[in-house]
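Please take a moment with the sequence and the model below before reading on. The paragraphs that follow lead from a pair of side chains to the wider fold.

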Amino acid sequence: MQSDAPNNPPRHVAIVMDGNGRWATARGLPRPAGHQAGVETVRRVVEAAPRLGIETLTLYAFSSDNWRRPTAEVAALMALLRRFVRAETGRLAEAGARVTMLGRRDRLPAGLAAEIAAAEQATAQGTKLHLRVALDYSARDAILDAARRAAALPQLTREVFARLLSGGDHAAEPAPDVDLLIRTGGEQRLSDFLLWECAYAELLFVPCLWPDFSAGDLADAVAWYAARERRFGGVGSASAAAPTPAVTPVPSAA
């Protein structure tokens with residue numbers, strides 16, 4: 001596989017896939033049609049990620065607060081997720097991707113959690129990309145759950161706490177911290193997504209709606225990240241600021 005990765009790609013990219021409903025509404029379509037279009041974007045992004053040097057890709061599919069959405073829309077989302085799992089598991093395994101799900105499983109529709117577990121098992125040997133899907137996920141709930149379990153420990157470090165977090169999310173081991181977080185759709189917030197893991201993430205908010213996000217847009221975002229100087233609280237060089245990516249960031253509020 002030909003690599004399009006820059007010299008310093010982000011190892012872990014997290015994406016808030018926002019704008020599906022607005023994309024559909026702007027076209028006079030029902031909101032679930034936007035979610036269906038968003039699935040096509042997921043396929044494009046997952047296929048492009050390894051070529052760009054991305055090792056871990058975490059997608060925010062459904063937050064714990066999304067249960068507040070209309071019942072029909074939630075049902076359509078869950079049905080779409082089930083179809084995606086069934087259709088893509090074999091393809092992902094063949095491509096060398098490992099799939100894991102973050103979040104609660106006890107509130108998912110009957111059978112969906114079992115199909116997710118089967119997809120995780122079928123792709124467990126994948127080494128080219130770790131695809132993590134956040135479903136019924138809340139970072140604050142994950143942190144609170146880890147804190148409860150940490151209370152019984154004689155000594156607590158950041159590394160130990162990270163393992164407690166990953167254990168609550170059904171992961172065998174913690175993923176590396178997020179290097180680059182992308183949010184489509186124009187909003188500028190994290191929405192309870194990977195709050196611990198994004199402590200030093202570069203944040204890129206782009207105006208395009210998720211169904212319009214392309215593999216080229218992902219490449220632009222990775223190139224933007226590669227030009228950033230990450231100091232982690234230290235003092236960096238006097239290098240020039242990173243150039244504006246072709247995926248234009250949303251202007252910061254005054």
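**Charged pairs and a sheet**

Arg-104 is partly exposed, with a relative accessible area of 36%, where buried means under 20% relative accessible area, exposed means over 50%, and partly exposed lies in between, using a 1.4 Å probe and protein chains only. The model is predicted, so that local features need pLDDT of at least 70 and side-chain atom pairs count only at pLDDT 80 or more, while totals for chains, interfaces and linings use all residues. Residues are numbered from 1 along each chain as its sequence is written, and side-chain values use heavy atoms, with hydrogens and water left out.

Side chains of opposite charge can pair when their charged atoms come close. Arg-104 and Asp-106 are joined by a salt bridge with an N to O distance of 2.6 Å, a salt bridge being a side-chain nitrogen of Lys or Arg within 4 Å of a carboxyl oxygen of Asp or Glu.

Turning to the strands, the reader can find an open sheet of 6 strands in the order S3-S4-S2-S1-S5-S6, with parallel pairing. Helices (H or I, at least four residues) and strands (E, at least two) are DSSP runs numbered from the N terminus, and two strands pair if DSSP finds at least two bridges between them. Strand S3 (97-102) and strand S6 (202-205) stand at the edges with a single partner strand each, so one side of each has no neighbour in the sheet. S3 pairs with strand S4 (residues 129-137) in the parallel sense over 6 bridges, and Arg-98 has His-130 in S4 as its bridge partner.

Helix H2 (residues 31-48) packs on this sheet, touching strand S1 (12-16), strand S2 (56-63) and S4, where contact means heavy atoms within 4.5 Å. The direction of H2 makes about 160° with that of S2; axes are lines fitted to C-alpha atoms, for helices over the stretch in contact, and angles run from 0 to 180 degrees between N-to-C directions.
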